[in-house]
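Dear colleague,

I am passing on the structure we spoke about, and my notes on what was found in it follow directly below. Please read them with the sequence open beside you.

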Amino acid sequence: MRYSPGRNLVWLLLRPWIALPRLIQVLWSLIGLVLVLVIRGGSPDPDVQRKLGRRILTTLTNLGPCFIKVGQALSTRPDLVRRDWLEELTRLQDDLPAFSHAIALQRIESELGAPVQELFEDFPSAPMAAASLGQVYKARLEGNAWVAVKVQRPNLEFILRRDLVLIRLLGVISAPLLPLNLGFGLGEIIDEFGRSLFEEIDYEQEARNAERFAALFADNPAVVVPRVERMLSSKRVLTTTWINGAKMRDSAELEALNLDPAALIRTGVICGLQQLLEFGYFHADPHPGNLFALEGRSGDLGRVGYVDFGMMDSISDSDRLILTGAVVHLINRDFNALAQDFQDLGFLSPTADLTLITPALEDVLGGSLGDSVGSFNFKAITDRFSELMFDYPFRVPARFALIIRAVVSQEGLALRLDPEFRIIAVAYPYVARRLLAGDTSEMRDKLLEVIFDENGRLRTDRLENLLDVVGQDQAAPTAALLPVAGAGLRLLLSRDGSDLRSRLLMTLIRDDRLHVDDLKALLGMVGRRFDPARLAGGLLQRLNPLAAA
């Protein structure tokens, strides 16, 4: 079950009796949908808009798994899709028509080698949920242990193979007519999507993904991953422990269950950042159907359960480090370095003149979006970049297709729960704290790169920027700096901090002379940030907000 665009194209071209009827069906459905949306999409009547939402849902559902996946991605974007359409599109996540229960039982028996009566203590007569690629049953094992049994839809490999060829053909043909400038062809983006879909229908691979993901978060009580029941799993049947939780799709529903949407958002975003910037291995489909809000908290984090590990991807160590550096350069408004980051990642061609692009980046990511971290949002940034792509040699590397999907889905999920949410407002402080703590060799190297210039001078302004960003993440900014200051001091005095101590010493002794300007600036900044009176007030506010009022 591997995706091969060339081989699949030949396979379908040799079967015109399959290709032509399906092509006509797809074009008829999509053209009809577009015409209806163009004609009636501007209507102020809520009933009309609800009907249009149902029309979109029905069209995508009838077209099958590939098109349902596109709808799922749209269902996480309240900033792109009308609210009344969005309510319908969320049904694509786990409320699709189920396939025959008898076929599901036959598949379980053929895959696991025994009927369900012998494998499970209790097996239901209908699924709990049905999604694009399979449906899930809640079954019971001996000892009252409840499990989720996911059974794959029939003929999926054939359906995906056929439709991906047609989608790729239509995408490549229509790309010159679309308002896109991806640099890489639209076909390569579709190929990345196709590869991920073919990996997603291999449940043995999904089981390995789930176990790897669980190992990465084994020490994190805020993240819950179901355990795979290996003896009850195969290539097309996957059994895991059951997770009891609420879908993360409505803040009022969560609050009614005494769950804190803000704490849950924070967990989801920080977990996503860890996947991208620490582990280099990430869940590429974090939509509300795959994340559950669980009872309890871990500090200021809510507890979130992850399911469905079919669509996972990795990011190389070099890309991961460049991304981390790009966030730091954004914090410090170092747009020359940011332009170089974009070039190193492949978003700019190697021959691009960065001196022409840097002012454009500063306009998009600096002044026009505001100086406050909280004013950033991914949608605003991508909207501005889509404009720049026509004037500058920006392009989207195919390997970033799933990364962008994951970030967009994560932000979209958060926006559903809090329309005022800004993903950068959480990403900035997370990276700043890791950088200042220097908890890995790569973070220590990046810290040295940030706070010392090319001449070895200490950049106290950048250090102060990082501390400012950490403070923006908490209700009591001064007190929030205490853990960071403690981690930084431990680093400075530890064996791992030898390079940092050497660089600080070298900044004091340059050109065979003693220079105290940098030391004075550093001591002045420390005095401003860690004034005892401010620290005491901040700590009091953190312990008892009413006492400091």
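Ring pairs join Phe213, Phe217, Phe279, Tyr306 and Phe309 into a cluster, in what is, please bear in mind, a predicted model. The count of aromatic pairs comes to 9. One of them is the edge-to-face pair of Trp11 and Phe158, so classed because the ring centres are 5.8 Å apart and the planes stand at 80°. Since Trp11 belongs to helix 1 (residues 5-13) and Phe158 to helix 9 (residues 156-174), this pair ties together parts that are 147 residues apart in sequence. Trp11 counts as buried at 12% relative accessibility, whereas Phe158, with a relative accessible area of 34%, is partly exposed.

Within the cluster, Phe213 and Phe309 make a tilted pair, with 5.1 Å from centre to centre and 45° between the planes. Phe213 lies in helix 11 (residues 203-216) and Phe309 in the loop between strand 9 (301-306) and strand 10 (312-314), so that parts 96 residues apart in sequence are tied together by this pair. Both Phe213 and Phe309 are buried.

Ile39 is found in helix 2 (residues 16-40), and its 67% relative accessibility is why Ile39 counts as exposed.

As for cysteines, the structure holds 0 disulfides; Cys66 counts as buried at 0% relative accessibility, and Cys271 is buried with a relative accessible area of 2%.

Terms used
Residues numbered from 1 in each chain as written. Predicted model: local features only at pLDDT ≥ 70, side-chain atom pairs only at ≥ 80, totals over all residues. Heavy atoms only, no water. Helix = DSSP H or I, 4+ residues; strand = E, 2+ residues; numbered from the N terminus. Buried < 20%, exposed > 50% of the residue type's maximum accessible area, 1.4 Å probe, protein only. Disulfide = S-S within 2.5 Å. Phe/Tyr/Trp six-rings, centres within 6.5 Å; stacked < 30°, edge-to-face > 60°.
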